[in-house]
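Please look through the sequence and the structure below before reading on. The report that follows takes up strand pairing, then aromatic rings, then the surface.

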Amino acid sequence: MEFFIPVIPRTKKNSSRIVRSKGRYFVIPSAAYKKFEKECEPHIPHSNIDYPVNVQAIYHMPTRHRVDLVNLHEALCDVLVKYGCITDDNCNIVATMDGSKVVYDKVNPGIEVKIEGRNK
């Protein structure tokens, strides 16, 4: 399965917010991440994959700023789970993320995703 998410890739870690509720503190995603998450939804196929797969992601970034590939993967996997493409992002489902990379693309930022089944 291959699809493109025409949304500027975001991470969850770099812009979290700390909020207080009922005397306790919580870390929640930034408004920018929540917007990213909502913008991704219409572009994600609802497949409910529950077997080992390789998720290859090519992140097309609009700037040449350095970005942490692991944090981009975390955000992508969380979105794939939230919108039903994969049932979970644990190692029994997302077995590998081979072939993933970050490229500069000022004209067409987004995430190119390719999901292939893996043999156990």
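## Strands that pair with β7

In this predicted model, strand β4, which covers residues 53-61, is joined to β7 by 8 bridges, and the two strands run antiparallel. Within this pairing, Gln-56 stands opposite Lys-114 of β7.

Strand β7, made of residues 110-117, also pairs with strand β1, made of residues 2-5, and here the sense is antiparallel over 4 bridges.

## Aromatic rings

When the whole structure is searched, 1 aromatic pair is found. The pair consists of Tyr-33 and Phe-36, whose ring centres lie 5.7 Å apart and whose planes meet at 45°, so the pair is described as tilted. Both residues belong to helix α1 (residues 31-40), where, because they are 3 residues apart, about one helical turn separates them. Tyr-33 is buried, and Phe-36 is buried as well.

Another ring, that of Tyr-104, has a charged group as its neighbour: the charged end of Arg-64 sits over this ring, 3.9 Å from the ring's centre.

## A nonpolar patch on the surface

Ile-18, Tyr-25 and Val-27 together make a nonpolar surface patch of about 380 Å². One of these residues, Tyr-25, is placed in strand β3, which spans residues 24-28. Is Tyr-25 buried or exposed? Its relative accessible area is 57%, and because a residue counts as exposed when this value is over 50%, Tyr-25 is classed as exposed.

Notes. Residues numbered from 1 in each chain as written. Predicted model: local features only at pLDDT ≥ 70, side-chain atom pairs only at ≥ 80, totals over all residues. Heavy atoms only, no water. Pairing = 2+ DSSP bridges. Phe/Tyr/Trp six-rings, centres within 6.5 Å; stacked < 30°, edge-to-face > 60°. Buried < 20%, exposed > 50% of the residue type's maximum accessible area, 1.4 Å probe, protein only. Lys NZ or Arg CZ within 6 Å of the ring centre and 35° of its normal. Patch = residues over 30% accessible without salt bridge, like charges linked within 9 Å, V, L, I, M, F, W, Y side chains within 5 Å. Areas by Shrake-Rupley, 256 points an atom, 1.4 Å probe, with all protein chains shown as cover. Salt bridge = Lys/Arg side-chain N within 4 Å of Asp/Glu carboxyl O.
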